[in-house]
Amino acid sequence: MSSYSVTEPSARQKWFAGILVVLYSVITLLPLLWIIATGFKSPADAISYPPKLVFQPTMEGYVNLFTTRTRVPEDQLRALGKPTTWYDKLVRKDGLIITGASRFAQRFYNSVIIGFGSTVLCIVLGTTAAYAFSRFKVPLKDDLLFFILSTRMMPPIAVAIPIFLMFRSLGLSDTHAGMILLYTAVNLSLSVWLLKGFIDEIPIEYEEAALIDGYTRFQAFYKVVLPQAVTGIASTAIFCLIFAWNEYAFAVLLTSGNAQTAPPFIPTIIGVSGQDWPAVAAGATIFLVPVMVFTILLRKHLLRGITFGAVRK
């Protein structure tokens, strides 16, 4: 019988590993931090060269993101009197007045409805399909699983035109229902494959014991399998939401107004003198928040707290 011992890393090795982790974190977070900082710059500071690391923070980018503005003559500006709010004061200094709300809030709302709606559908359909593939004898199971996976092999542009024509014929263009169904169809293959792997690792003896105790098949699935598959469901939901949340190609082609999401809208934000980069950065920063919050809320489920692959005595 052979034995081996695991040596504890030395202090120098730990220090070197810590430096590598910190360096990787800085490199990874630097673009995100730059975007967040740009949202608090003035338009002049945002395009200055060399780039400014020290600048006077302003909320101008966020005001421009949520409002539409127009330039008025100086005498008309004086006739309006003193600004009554901080954001009015902010735009008045540039000779502008706020004429209304922008479309960003509606586009952000569309992203929430479509992104989370398609994620819920993917989880419901993916969990039931994965359970069927894992527990039942499905004819041509391997071929069906490969076909499901192959739907992710095609680039979106390859099927964009047929989908556009089909949606136009069915009246689904520029609708929430159409985009939810499309993103669900695209993400379902990923959902089935990920969840099948987790359900395969749940011992079938748990369900057999539940069935012997008088549970129906659905009760065994709901009360035995689902609680142990929470880790897989959480991770799958995060991946599905990230895809639906960030998807750009289909959103540009199939939406224009009613159901347009934030990704196609944010790059089109134009200020009074061209591209408004602080407003674009502010929109990108706000757009990151829901996915970040969703991931943080599910983070405890991403750590596998259950030992799979063995029957507990």
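Visitor: So Phe104 and Phe108, buried or exposed?
Guide: Both Phe104 and Phe108 are buried. Keep in mind that this is a predicted model.

Visitor: Where do Phe104 and Phe108 lie?
Guide: Both are in helix α6, which covers residues 104–135. They sit 4 residues apart, about one turn of the helix.

Visitor: And what sort of aromatic pair do Phe104 and Phe108 form?
Guide: A tilted one, with 6.0 Å centre to centre and 35 degrees between the planes.

Visitor: OK, what about Phe116 and Phe294? What pair do they form?
Guide: That one is edge-to-face, at 5.6 Å centre to centre and 85 degrees between the planes. The pair links distant parts of the chain: Phe116 is in helix α6, while Phe294 is in helix α15 (residues 277–297), 178 residues apart.

Visitor: Why does Phe294 count as buried?
Guide: Because its relative accessible area is 18%, and the cut-off for buried is under 20%. Phe116 comes out at 27%, so it is partly exposed.

Visitor: Which residues do ring pairs link into a cluster?
Guide: Phe66, Phe104, Phe108, Phe116, Trp245, Phe265, Phe287 and Phe294.

Visitor: How many aromatic pairs does the structure hold?
Guide: It holds 13.

Visitor: Switching to charges: which residue lies over the face of Trp34?
Guide: Lys41 does, at 4.3 Å from the ring centre.

Visitor: And over the face of Tyr215?
Guide: There you'll find Lys223, at 5.5 Å from the ring centre.

Key
Residues are numbered from 1 along each chain as its sequence is written. This is a predicted model: local features need pLDDT of at least 70, side-chain atom pairs count only at pLDDT 80 or more; totals for chains, interfaces and linings use all residues. Side-chain values use heavy atoms; hydrogens and water are left out. Rings of Phe, Tyr and Trp (its six-membered ring) pair if their centres lie within 6.5 Å; planes under 30 degrees apart count as stacked, over 60 as edge-to-face and the rest as tilted. Helices (H or I, at least four residues) and strands (E, at least two) are DSSP runs, numbered from the N terminus. Buried means under 20% relative accessible area, exposed over 50%, partly exposed in between (1.4 Å probe, protein chains only). A charge sits over a ring if NZ of Lys or CZ of Arg is within 6 Å of the ring centre and within 35 degrees of the ring normal.
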